[in-house]
Amino acid sequence: MGVTAQSKGTERQATEQSARRFREIHYHRFPLGARSNIHGTCLLRSQLPVRLPRPHTMQLIYSHPPPGVGYRRGAAAVGSGAAEKAAHMRAVATEIRDERRRVRQWLEERRAPVRTHVVVATQSGLQFFVAGFGYWNVLDINLQLKDESCVGVKAFEVTLAPEQHDAAEQWRASRAAAIQTGDKRGLQRETKAGAEAGAKTDIETEAKTDIEREAKADALTDSGLADVEQERLPMFLIALTTYVRRPSEARDGVTDESGTYRLYALGYASLPPLPQQFLDAHALDRTETRRAHSQPAEGSSSAEPAVTRRSASSGQEDGATGDMASVHSDSDETDRALQNLPINSYAYVEERLFGMSLGSNTLSVELDYVPFRISQDVVPGEPPIVAVAGNDNCVHRYAVGCDGIVEVEPLLCPKTDAALTFVAFDGRVIGNHHVQITAHQEFAVALQASRPLEPSEVAEGMGGRSSRKLMVADEEVFDAAPVAVSVFTPEARRGDRTAFDYAVTHRIRGETGRLAAGDVYAADWEIGTMDAEGAEARVHALVGFVGEDAVVYHDVAVAGLDPVPTLVGGAAGRVPASATQISGRLGGLGGVFTLGGSSRDGLITSVHFEDLDYDGTREILVGTVAGAVLVYKAVAGRGYVLVWRRRFPAPVYGLFSADINSDGASELIVVTLLGVHVLQPNLAQVRARLLRQLVARDSSREGSGTSCGKDDSDFKGDE
């Protein structure tokens, strides 16, 4: 009885401490009529510098560059003659190159901190919370959508390999040379190859679009701005899904509102073209790899709308309709040239974001399914991949290049008899493990875990550097429909990255037969390691259900979805050699634990993992459709205990822990249907934890000459 009372007192104390952990310091309400979407939130991590200063009020929202801030490129043109204008253009190009050179040097000297920016999609555009030093700025980018509304977004940074940069520069040079010599045949061939299958071609519109593309390329070439990206910087790629409303003819006096979905890629123009070898190996439709689709033209209300071509055949992307150019210069010629610059030509974060727009040349592909969550897969040396979950029991994958969007092999999900299903998926590289999980509403969850081959296995001829061994290929059927899945490591000192391996799902579900645990297969990319120590990491999986509490499977890279704990020295072949290093925290290796009470507030809409109390172990944060945010902590011998709960006035669509003011302590970002809540951590707890770290480090150095590894890594974020 005394032990029970003591445990309840400990739990109560932990709950009270966690309740004092955060206080809300800012609430950003979306404009009247604007709403977010359950798949319209993400984080953008970047090393690029920011430009805007501290706002004079936290309610300030930038919808365009503020006056007097940013560029006034080059010296003002002295006269109106052709020579003066040309000199001014060259000065503008020189200034952009110099800025890119300074930023590149800053990055190479490793002086650039990684900032985390928050991205939220509303119906009409994107809102960015751009992290500064001691502050953040809110940018409201109106994409000027007509008969479209944003559904989902995923923004990420891409660092190209040297050979990819060379390919991109060669592409741009060849395009400029083709235009200067009047060779239009290449443009015409790509335009025809990019046409939608079965779509009616409007010859006049196509010709007009070609003329516009050539005029843009000519303007860049004449201004000297065509080669400003020679100083190589990381690039932004923003994947955006939209719903396109297409009114059809009235039937029985009622207008039938039909629509479709579309996937856009912003930032594509600075990428290299998709390698033909890659297309031959991975493209689903090798005869039609570069695709464009039509949409209703402005002012068109007929049942057969005019066709607006959307492709990347010019290698250029639409500018910001004058937002950035308006503060650059008073020269109309400079304005037009800057509008034609790809967004990744700029060196600063805000300039790239203000440069975004959706226009007639924006790269897009029409979707024949309802899109849900968007993710990404960036493999060094390979084209960036955008993954989109659909209601067709599939996770579609698209490779993006400056010459088009190409659908490649999808991630196959568990079999289902239903025609339309909600697909949830996740994939992570944690330590030397790669784990990916998929689920759908037909009550099935599938999980695969692999690791790189050992040197002895490679020596036996089982594969090269990109070969891996499948450790777990598991599937479980539940009584309740799963709606959320996620993979994470409880160790705060370890980082992870998003990654997906289509080869596993295809070998398991494809015609080549089902792989078994222990089989070696050829993968398209290496896993690598995310930790300097190289020790095996613990990998857990969370599964949320309809009407049931969420569960957490422990050590899925070893035990899979096995609900029975595998103790050290238990089942042969299921426990790694280093099990003694990673077991014992919750009573053994493997096992399944419930998040008690997580179903009381409706469906789980978002999940996040973060070390909130700085003890080295991540807590689980859960957001629900009823607006509740729940925090669960792992307690030895008791599983997961609810230690904090707060209700918000709208459904929670995004939960993030991000240092958006660069003060060293991560804020809790809660994105709801109506706005964004910023909660500041308890600074007294942060200060006390830092002091303990410093004392421990000094003591360790005095005793053994090394620092305390556990405390030294408590503040390490995800990579």
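**Entry 1: charges over rings**

I began with R51, which lies over the face of Y348 at 4.4 Å from the ring centre. My criterion was NZ of Lys or CZ of Arg within 6 Å of the ring centre and within 35 degrees of the ring normal. I then found the charged end of R468 over the ring of W525, 4.4 Å from its centre.

A note on the source: this is a predicted model, where local features need pLDDT of at least 70, side-chain atom pairs count only at pLDDT 80 or more, and totals for chains, interfaces and linings use all residues. Residues are numbered from 1 along each chain as its sequence is written, and side-chain values use heavy atoms, with hydrogens and water left out.

**Entry 2: R468 and its sheet**

I stayed with R468 and looked up its bridge partner in strand 21, which is Y521. Strands here are DSSP runs of E with at least two residues, numbered from the N terminus. Strand 18 (residues 467-477) and strand 21 run antiparallel and are joined by three bridges; strands pair if DSSP finds at least two bridges between them.

Next I traced the open sheet: six strands in the order 20-15-16-17-18-21, with antiparallel pairing. Strand 20 (497-498) and strand 21 (520-522) stand at the edges with a single partner strand each, so one side of each has no neighbour in the sheet.

**Entry 3: aromatic pairs**

I looked up the aromatic pairs and got six. Rings of Phe, Tyr and Trp (its six-membered ring) pair if their centres lie within 6.5 Å; planes under 30 degrees apart are stacked, over 60 edge-to-face, and the rest tilted.

One of them is F22 with W644: the centres are 6.0 Å apart and the planes at 50 degrees, so I log the pair as tilted. F22 lies in strand 1 (residues 22-29) and W644 in strand 28 (residues 639-647), so the pair ties together parts 622 residues apart in sequence. Both F22 and W644 are buried (under 20% relative accessible area; exposed is over 50%, partly exposed in between, with a 1.4 Å probe and protein chains only).

I also checked Y243 and Y261, whose ring centres are 5.1 Å apart with planes at 55 degrees, so this pair is tilted. Y243 is in strand 8 (residues 235-251) and Y261 in strand 9 (residues 254-266), so the pair ties together parts 18 residues apart in sequence. Y243 counts as partly exposed, at 23% relative accessibility.

**Entry 4: V625**

I place V625 in the loop between strand 26 (619-624) and strand 27 (628-635).

Notes:
Helix = DSSP H or I, 4+ residues; strand = E, 2+ residues; numbered from the N terminus.
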